[in-house]
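User: Hi! I'm new to looking at protein models, and I'd like to go through this one with you. Can we start with the charged pairs?

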Amino acid sequence: MRDVVWRLLLLAACAVSSGIATAQTCGRADFEAVVDQASATLVQVAQKNTPEFQGKLRALKDKRGWSNDQLMKDGALFVRDERIAAYDETSEQLLMKINSQASDGADCKALAELRAAMAALVETQTAKWAYMFDKIDKELAK
């Protein structure tokens, strides 16, 4: 999970360095601010959710009497499935869009598109966490 967040942040940082300096009307600082804000939000979301989610996985491990090996195998179902893969794919597509926008000669229209793509990236990751929490909470309630 943490690897995905760091990969997203790294790719977002690449958006800043891959052509944003050529902005015609909107300055580099404007683009950096959008990426910095979205990156900070992604980090906050991960920092908030990761420990809580890991705690719920441990609680499920205890409830089901899983060994550590079983946790790695059976617990994977709560962090990897088709829907989570779809969230990750959406995030990857948004990051590719962000990188291409940054290299398209950044103007104020590109800044607005970057802002929208970064917001969508944050929304996608937030929705992914909500889905994973819902999934594990349902299992803990059984």
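User: How many salt bridges does the count come to?

Analyst: This is a predicted model, where local features need pLDDT of at least 70, side-chain atom pairs count only at pLDDT 80 or more, and totals for chains, interfaces and linings use all residues. Residues are numbered from 1 along each chain as its sequence is written, and side-chain values use heavy atoms, with hydrogens and water left out. A salt bridge here is a side-chain nitrogen of Lys or Arg within 4 Å of a carboxyl oxygen of Asp or Glu. By that rule, the count is six.

User: Which residue does Lys56 meet in a salt bridge, and which helix is that partner in?

Analyst: The partner is Asp137, with N and O 2.5 Å apart. Helices are DSSP runs (H or I, at least four residues; strands are E, at least two), numbered from the N terminus. Lys56 lies in helix 2, so the pair ties together parts that are 81 residues apart in sequence. Its partner, Asp137, sits in helix 5.

User: Is Glu139 buried or exposed?

Analyst: Glu139 forms a salt bridge with Arg64, whose closest N and O atoms are 2.1 Å apart. That pair links helix 2 to helix 5, as Arg64 and Glu139 are 75 residues apart. For the labels, buried means under 20% relative accessible area, exposed over 50% and partly exposed in between (1.4 Å probe, protein chains only). Arg64 is partly exposed at 38%, while Glu139, at 17%, counts as buried.

User: What separates Lys138 and Asp134 along helix 5?

Analyst: These two side chains meet in a salt bridge as well, at 3.2 Å from N to O. Lys138 is exposed, at 51%, and Asp134 is partly exposed, at 37%. They're four residues apart in helix 5, so what separates them is about one helical turn.

User: Now for the rings. What is the angle between the planes of Phe53 and Phe133?

Analyst: Rings of Phe, Tyr and Trp (its six-membered ring) pair if their centres lie within 6.5 Å; planes under 30 degrees apart are stacked, over 60 edge-to-face, and the rest tilted. There are four such pairs by this rule. Phe53 and Phe133 make an edge-to-face one, with 5.4 Å between centres and an angle of 85 degrees.

User: Which residues form one aromatic cluster?

Analyst: Phe133 also pairs with Trp129, in a tilted arrangement at 6.1 Å centre to centre and 35 degrees between the planes. Trp129 and Phe133 both lie in helix 5, four residues apart, and both are buried. Phe53 is buried too, at 4%. The cluster is Phe53, Trp129 and Phe133.
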